[in-house]
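Please examine the fold shown below.

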Amino acid sequence: MQESKYVLETTVPFQTREGKQQGRVRILALHEGRRSLLVLSSSEAKQFGEERVQLFEGRTYEYQLLDMPTNWHLRTHNLIKKNLATPMTGRIETGNHTGLLVLELENSDGEPMASASVEVRSRKLNDRKEYRTMLNDIGERCSDLLVDIRVSTQVRFVPDPGRDAETMGQRFAFLRSLLESRNFQDALQRLLSMAHSRLEAEVVTRDIRQGLKPSSRTLREIANGTQRIGLPSHLPLAKRMQARGIERPTVPAQVSRIHHRETVDTPENRFVKYSLTVYVDYLTKFENALSGRWNVSNKKLLQDASRLREQLAEVLSHDFFREMGEPDVLPLGSPVLQRKAGYRELLQAWLRFQLAASLIWHGGEDVYGAGKRDLATLYEYWLFFQFLHILTDKLGLIQVKEADLFEQTPDGLRFKLKAGKKLELLGVYDKGSRPLTVRFSYNRTFSVVNDFDQAGSWTRQMRPDYSLSIWSADLSEAEAEQREDMAHFHFDAKYRAERIEDLIGRTDMDDRELQNERSQQHKGLYKRADLLKMHAYRDAILRTKGAYVLYPGTGAPYMKQEASGSLSGIGAFPVRPDREGQASGMIEVEKFLRSVLARLGSQHE
């Protein structure tokens, strides 16, 4: 049996569009250490829907093309560098790229001839656990928002996968996040082990000579039943009937009785079967829609969809569903569906699916696209939802309305969140001695201003990932800026950093380490620049109190105040998804925000 193993080099075959093998590429790990190139077993690759050959982010590899025409070469881009002297060789520099990496062969005219693909794994996050946790978390929180704010869209009972590749991939990702979530899987297991059932009355006919337990029903049948047989005269019942003037006593040959049996063929269980069938049908439509659009990325999506469809089909083949009928109605108001553990979660998944299947999120293409694993953008989006959860559910500052995050389009609901585009939510803090207005901004631009009474930057244009602006509720925003009553706090998601030392460095670096840091600057890998950028926010954006890095690390937050007891400062919070699917470290951000609001709500800064 094959086993997954780390190697120093391996080869990957190229395939033409027709599926024929055409040449190979030899890949050699150049980075120090033996854990830079992983080859999965066929079973493990199939189980997780990944490519067998796995590279790692931030690593450099050498490639060599084998067994192919001399006028063919590997298509170059920012990750693939060709040697000009020997075009059949070159380097693969993965940088911060993660996910599917397609290697495309082209001829001297630039025409694509064949392709191969490898996987690039994250070294900071566990691809199969934390990466999927963030994807699932975004899908669940987004669909929860749709349910909570009761968006003005009708439930579709035959959802459409979409027509363009972007929408199809995004909608599939939402469905996958629902069906692969722990809640959904646990709910299915609970249902199969402790299903709802009811007693069903069943009429059973039996020969009267087998004996029976008398009841009012059987007495009526003895008196009125057809297909009668004679009673021997020596029987007590015959003698009684003769005494009442019946010369030839008879009884029906058969009588019936009511038998109660337990059945799981209930409307609620029929609904569960129906919902699973709709998921399978949706995935089948999705596969059919993609099958005519051949490319390596679509092939990856097809593999994922096929794997998920097969898993659901296996559940539907369970004896529990085999003899279950089709639903006459969908009992969405059933107390069993709404309250019973297992059923409640499956109903919620169904409602989320109906809404999410009509949702369009153009920003999701950055992370939900076929084979893409843009972890930096995914981390940024995931943190947006973590902030939203704190500000809405934990602190109760913001009441989200449909128009805040969604807008109606001819193709469905469009979610406004997109990297680089401003999105703002307004709320109120009223737990202190003075009420405060709070604005949470995503990608707000602070333009250069000459009048320091206005909002903006006095040096150059700045755009933090997240900004929290707080001012007295009895002032307008412009008045608060003019009166120095405004307080801005900025946060940037920095996926590149893994440890606090990456951000603040060490105070005792020698010449060699300083030279290495300069080399990192030239390669665009200089991580301490992330903390220096917080200094830039703090110093350049007018009326900024604090600026902080959020990075996928572990440990305690790093905080530096301008003076003892001052709100002004810079710092870093390690935040990452943990094994339980929670945002480890976000509790520290929540505590920080609570303290800021309490301070500003009780006094004028």
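Helices (H or I, at least four residues) and strands (E, at least two) are DSSP runs, numbered from the N terminus. On this basis the protein chain comes to 19 helices and 27 strands. The model is predicted: local features need pLDDT of at least 70, side-chain atom pairs count only at pLDDT 80 or more, and totals for chains, interfaces and linings use all residues. Residues are numbered from 1 along each chain as its sequence is written, and side-chain values use heavy atoms, with hydrogens and water left out.

Of the 605 residues of the protein chain, 48% count as buried; buried means under 20% relative accessible area, exposed over 50%, and partly exposed in between (1.4 Å probe, protein chains only). The protein chain exposes about 30600 Å², of which carbon and sulfur atoms supply 46%. These areas come from the Shrake-Rupley method with a 1.4 Å probe, and for residues only the protein chains shown count as cover. Where contact means heavy atoms within 4.5 Å, residues 24 or more positions apart account for 69% of the contacts in the protein chain with a separation of 6 or more.

The loop between β24 and β25 holds Ser568. Is Ser568 buried or exposed? With a relative accessible area of 8%, Ser568 is buried. Leaving aside neighbours within four places in sequence, Ser568 is in contact with Arg538, Lys545, Lys560, Gln561 and Glu562.

Axes are lines fitted to C-alpha atoms, for helices over the stretch in contact, and angles run from 0 to 180 degrees between N-to-C directions. Helix α19 also meets helix α13 (residues 375-394): their axes come within 11 Å and cross at roughly 50°. That angle makes α13 oblique to α19, since angles under 35 degrees count as roughly parallel, over 145 as roughly antiparallel, 65 to 115 as roughly perpendicular and the rest as oblique. In this pair, Leu383, Gln386, Phe387, Ile390, Leu391 and Lys394 of α13 meet Met586, Val589, Glu590, Leu593 and Arg594 of α19.

A further helix pair is formed by α4 (residues 182-193) and α7 (residues 267-291), which pack at an angle of about 140° with their axes 12 Å apart. These two helices are therefore oblique to each other. Phe184, Leu188 and Leu191 of α4 make the contact with Asn269, Val272, Leu276 and Tyr279 of α7.

Most residues other than glycine have a negative phi. Asp67, however, has a positive phi near 60°; it lies in the loop between β6 (60-66) and β7 (73-74) and, at 57% relative accessibility, counts as exposed. Glu484 likewise has a positive phi of about 60°. The place of Glu484 is in the loop between α15 (477-482) and β22, where it is partly exposed, with a relative accessible area of 45%.
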